[in-house]
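Subject: Structure handover

Hi,

Here is the structure I promised to pass on to you. Have a look at it first, and then read on for what turned up.

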Amino acid sequence: MVNIVSWRNKAMSESLFADASKRLQKSLKYVSISEDAIARLKYPKSSLSVSIPVRMDDGSLQMFQGYRVRYDTTRGPAKGGVRYHPNVCLDEVQSLAFWMTFKCATLNLPFGGGKGGITLNPKALSKLELERLSRGYIDAIADFIGPDIDILAPDVYTNSMIMGWMMDQYSVIRRQISPGVVTGKPLALGGSVGRDTATATGAFFVMESILPKFDQLPQNTTVAVQGFGNAGAVIAQLLAKAGYKVVAVSDSQGGIYAKKGLDIPSIRQYKTSSQGIKAVYCRGSVCNIVEHEVITNQDLLALDVDVLIPAALENQITEENVDNIRANYIFEVANGPVTSTADNRLEEKGIYVFPDILVNAGGVTVSYFEWLQNRSGHYWKLDEVHQRLKEKMVEETETIWSLSQELAVSMRTAAYVHALNRLGDSLDAKGTRDYYCKT
């Protein structure tokens, strides 16, 4: 058996990618995958680093570092978001592309895994500077992407407007309208209804499939959500509307906790207007602050709740804080929020972790729907998007749940087994050592 940990050399043993690769170790015990397929999955297919010159509003020139990685394209063109964040680096982008490869296979989408990013604090740039940067990024990577090669999407601190700039710039370069190169675009430029909330909506469908298996009724279930951004705020509101008691939420500045539960729509309204989080009750444009406790992100992770939803960045639950976790169920709406070491400890503690490559796959699934709509020129209504998304998410959730029960393994291991089987079949279809050396 090939040891996945040995894929990377010791110098990279502490990297995010090395930690991400460890997740496959357990899964390989339960699949019949060729050595050829394993060899192909060791490294990304291609990686690109670019420098992006941007003329700032004050007339100065500033350089930004950008990246795009195509990890595997065996099952189709690469697919993955572009994030704007100070911590973006090649190791992170490569890890995210690796996860996207398995996420697309988990949901049986005709895509491989890709990812991109630019290292910056987007809050420090004006809207005009962000547009110049976004178009400059496409100028730098235009030969590396395309509707049948590598398809972009929004991620951390990118949105539909930025995706629209990117699609438009690619179309200018190619001298043809190319909506399929980017998903998560504005509706007016060929976007899909439901894409902006798809990650959270897909996660909600997963939770609604899983929690009844533990007799966990909404009205008796407390929830804490770390990360009150695009995905976290929407999943919090969906859960609250369904009757779950959302008692805590947080953003990068900190969080709030109220034992009786929070009024999530009011908090979203308050954050939109003030860029902060407080427990409030809003009627119209008038908001009243209600009793709540101010907590840190670490405090939120350690709350005694039924469900914990990490919806921020990777590596939030680590070896250092894993013993503080008291939730019964963790649903990974963020990518890679739990390290491999912490994952093992959570399993020992009897805490169920439902993995990112399943839980947050709603985003890429509706991106696939958008890509299909762009290619056909026929656009669906919201009810149709949600119904197709629900069918996809529930089908794969039930398959992975059954596999986890059959093999007596965690949901993460079962999800990787499920994805590896599909990836292995696709890779082996190109020919293996056994095929060429058969006598």
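Predicted model: local features only at pLDDT ≥ 70, side-chain atom pairs only at ≥ 80, totals over all residues.

The protein is divided into domain 1 (46-181) and domain 2 (197-358), and their C-alpha centres lie 28 Å apart. The contact takes 15 residues from domain 1 and 8 residues from domain 2. About 890 Å² is buried between the domains, with carbon and sulfur atoms giving 53% of that area. Which three residues supply more than any other three of the area that domain 1 buries against domain 2? They are Trp99, Lys103 and Thr106, with 45%.

For the polar side of this interface, the rule finds 1 salt bridge and 2 residue pairs in polar contact, both at pLDDT 80 or more. On the side of domain 1 that touches domain 2, S3 and H4 each supply at least two residues. The largest share of that side comes from H4, with 6 residues.

Over the model, the salt-bridge count comes to 20.

- Asp343 and Arg412 meet through their side chains at 2.5 Å, N to O. Asp343 belongs to helix H11 (residues 340-348) and Arg412 to helix H15, 69 residues apart. Asp343 is buried at 13% relative accessibility, and Arg412 is buried at 4%.
- Glu398 forms a salt bridge with Lys213, with 2.9 Å between the closest N and O atoms. Because Glu398 lies in helix H14 and Lys213 in the loop between H7 and strand S6 (222-226), this pair ties together parts that are 185 residues apart in sequence. Glu398 is partly exposed at 28% relative accessibility, and Lys213 is partly exposed with a relative accessible area of 32%.

Helix H14 itself is worth a look. H14 (residues 382-407) has 26 residues and reaches 37 Å from first C-alpha to last, close to the 38 Å expected. Its buried residues include Val385, Leu389, Met393, Ile400 and Trp401. An α-helix has 3.6 residues a turn, so residues three or four places apart point the same way. The buried residues of H14 pack against helices H4 (90-106), H7 (198-210), H12 (356-359), H13 (362-376) and H15 (411-428). Just after H14, Ala408 takes a positive phi of about 55 degrees.

The side chains of Thr73 and Lys45 make a polar contact at 2.8 Å. Leaving aside residues up to four places away in sequence, Thr73 touches Lys45, Ala78 and Gly112.

Methods
Residues numbered from 1 in each chain as written. Heavy atoms only, no water. Polar contact = N/O pair within 3.5 Å; in protein donor to acceptor, adjacent residues only side chain to side chain. Contact = heavy atoms within 4.5 Å. Helix = DSSP H or I, 4+ residues; strand = E, 2+ residues; numbered from the N terminus. Expected span 1.5 Å × (residues − 1). Buried < 20%, exposed > 50% of the residue type's maximum accessible area, 1.4 Å probe, protein only. Domains from an automatic or database assignment. Buried area = accessible area lost by both parts, 1.4 Å probe. Salt bridge = Lys/Arg side-chain N within 4 Å of Asp/Glu carboxyl O.
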